[in-house]
Amino acid sequence: RRAYLDRLIARFSRRYAALLSAYEKALRQRNALLKAGGEGLSAWDRELARYGDEIVALRRRFLRRFAPILREVHAALAAKEAGLRLEETAGEGVLRALEASRAEERERGQTLVGPHRDDLSVLLSGRDIRLFGSQGQQRSAVLSLKLAEIFYIKTIVGDSPVLLLDDVLSELDEERRRILMESL
């Protein structure tokens, strides 16, 4: 889900794509240092925080625009309200979270907090669909995400992208098929 979010945002923001690349490079360096004993982490902490805080801010900004589209699409498709929640591991800022988790990170030899550990949850009536949703509800949520993505792209680009659906219609009941086709 995080990778989906990252790919989606990077489509519209070169800055976001560049930040992700720089963050991942710094993360590899920091993890190598942790495995080698952890000397000199402070410089990499600052580097991760510099990129990580901006990544999180851009994710939040994107989700503020994207979530209402998803909510509307899912309400039309499934007659229930869907939402999104970004589950952040560094709520008070990446640098502070890195400093707080340093002992455990040295023990494990890897970076435990930051945007690379964040997750995106799809909520159905306020509850995480992974934990509480049926298989049909999860499929509807995925379809709603894809449709919301199309509508979002259309608002940004001004043109509708091509959508390829492979066997999706066979998995939907007649009413949802009708709604999907009308939406498209």
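1. Arg178 is partly exposed, at 39% relative accessibility (between the limits for buried, under 20% relative accessible area, and exposed, over 50%, with a 1.4 Å probe and protein chains only). Its salt-bridge partner is Glu182, with N and O 2.7 Å apart; the term covers a side-chain nitrogen of Lys or Arg within 4 Å of a carboxyl oxygen of Asp or Glu. Glu182 is exposed, with a relative accessible area of 56%. Both residues sit in helix α7 (residues 174-183), 4 residues apart, which is about one helical turn. Helices (H or I, at least four residues) and strands (E, at least two) are DSSP runs numbered from the N terminus.

2. The model is predicted: local features need pLDDT of at least 70 and side-chain atom pairs count only at pLDDT 80 or more, while totals for chains, interfaces and linings use all residues. Residues are numbered from 1 along each chain as its sequence is written, and side-chain values use heavy atoms, leaving out hydrogens and water.

3. The count of salt bridges comes to 18. One of them pairs Glu105 with Arg30, the closest N and O atoms being 2.8 Å apart. Glu105 belongs to helix α4 (residues 94-108) and Arg30 to helix α2 (residues 14-35), so the link spans 75 residues and joins distant parts of the chain. Both Glu105 and Arg30 are buried.

4. Glu87 and Arg130 also form a salt bridge, at 3.9 Å from N to O. Glu87 is in strand β1 (residues 82-87) and Arg130 in helix α5 (residues 129-132), so parts 43 residues apart in sequence are tied together. Glu87 is partly exposed at 28% relative accessibility, and Arg130 is partly exposed at 36%.
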